[in-house]
Amino acid sequence: MAGIRLAAVGDLHVTRQSQGVYGPLFAAAAERADILLLCGDLTDHGLPEEAAVLASELGRTGKQMPAVAVLGNHDVESGQQAEVRRILNEVGVVVLDGDAHQVGDVGFVGVKGFCGGFGRRTLEPWGEPVIKLFVREALDEALKLESGLAKLRTRHRVALLHYSPIEGTVEGEPLEIYPFLGSSRLEEPLNRYEVEAVFHGHAHRGALEGKTRGGIAVYNVAAPLLRRSFPDAPPLRFVTLSDDDHPAS
């Protein structure tokens, strides 16, 4: 499937009062894209009622389009992420958690990701047990990502995350919170399996784009950032996957 068009957004933070708010956004995605990517923090508190509103809004587009998602930290806040996932599954959204999913010749792998920092400042598993558990979570998310990527045999490979895998797309946020916006541990599998494009959210005040050390395009699609960057357009990032391996916005 050459020239496939992706529409991506994260951090919608849907509440019970969001009925009627996001239908036009999803309709705009359906008009211009083949697949919708949802990059976490889809709900505000991870409540089933919020997920039901999101599901209803997705149904307002009038066009069934493939949708692939990952959950974010807000989506697990209430401990009801399994129910949130079930509700989204019912309206055709494929929610990934280390899974691989194929649409045509495009393979998608997604994980929530986790914190820990970037580069030489990445937190290491040293000292108190709680620090070791914290780092273990980041490692586990990276391992899930790697396992999913290893399963793909498609022409195109795309990764969905909530947390950032690189420092470049969190630049603009307060330096003090960089370690809580992502982890370099997520970057290594992306480079190893030569993913074509990476989408994440979470960094509301970060940068729109960056690259991994392997030159892979990384897109920050947090809705608050997209609204500020493109005030006259719907908060969506459109990227086309082409046969020359260079995604075009």
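At 3% relative accessibility, Tyr219 counts as buried (buried means under 20% relative accessible area, exposed over 50%, partly exposed in between, with a 1.4 Å probe and protein chains only). Phe199 counts as buried too, at 0% relative accessibility. This is a predicted model: local features need pLDDT of at least 70, side-chain atom pairs count only at pLDDT 80 or more, and totals for chains, interfaces and linings use all residues. Residues are numbered from 1 along each chain as its sequence is written, and side-chain values use heavy atoms, with hydrogens and water left out.

Now the aromatic pairs. The structure holds three of them. Rings of Phe, Tyr and Trp (its six-membered ring) pair if their centres lie within 6.5 Å; planes under 30 degrees apart count as stacked, over 60 as edge-to-face and the rest as tilted. The ring centres of Phe114 and Phe134 are 4.9 Å apart and the planes meet at 55 degrees, so this pair is tilted. Phe114 sits in the loop between β6 and α4 (129–150), and Phe134 in helix α4, so the pair ties together parts that are 20 residues apart in sequence. Helices (H or I, at least four residues) and strands (E, at least two) are DSSP runs, numbered from the N terminus. Phe114 is buried, with a relative accessible area of 15%. Phe134, at 25% relative accessibility, counts as partly exposed. Phe199 and Tyr219 form a stacked pair, 5.2 Å centre to centre with 20 degrees between the planes. Phe199 lies in strand β8 (residues 197–200) and Tyr219 in strand β10 (residues 217–220), so this pair ties together parts that are 20 residues apart in sequence. Ring pairs also link Phe114, Phe134 and Tyr163 into a cluster.

Strands β8 and β10 belong to an open sheet. Six strands form it in the order β5-β6-β7-β8-β10-β9, with mixed pairing. Two strands pair if DSSP finds at least two bridges between them. β5 (100–103) and β9 (209–211) stand at the edges with a single partner strand each, so one side of each is left without a neighbour in the sheet. Inside the sheet, β6 (residues 106–110) and β7 (residues 156–160) pair in the parallel sense over five bridges. Val109 has Ala159 in β7 as its bridge partner.

Next, the packing. A nonpolar core is a set of buried Ala, Val, Leu, Ile, Met, Phe, Trp, Tyr and Cys residues joined through side-chain atoms within 4.5 Å. The largest has 53 residues; among those with the most contacts inside it are Phe26, Phe108, Val158 and Phe199. Apart from this core lies another, of 18 residues, including Phe114, Leu152, Tyr163 and Val195. Val158 touches residues including Leu37, Phe108, Phe199 and Leu241, not counting residues up to four places away in sequence. Contact means heavy atoms within 4.5 Å.

Strand β11 comes next. Four of the five residues of β11 (residues 237–241) are buried, so this strand is largely enclosed by the rest of the structure. β1 (residues 4–9) pairs with β11 in the antiparallel sense over five bridges. Arg5 stands opposite Thr240 in β11.

Helix α1 (residues 23–32) has several buried residues, including Leu25, Phe26 and Ala29. What covers the buried residues of α1 includes β1, β2 (35–39), α2 (48–58) and β11. The charged end of Arg32 sits over the ring of Phe238, 3.8 Å from its centre (a charge sits over a ring if NZ of Lys or CZ of Arg is within 6 Å of the ring centre and within 35 degrees of the ring normal).
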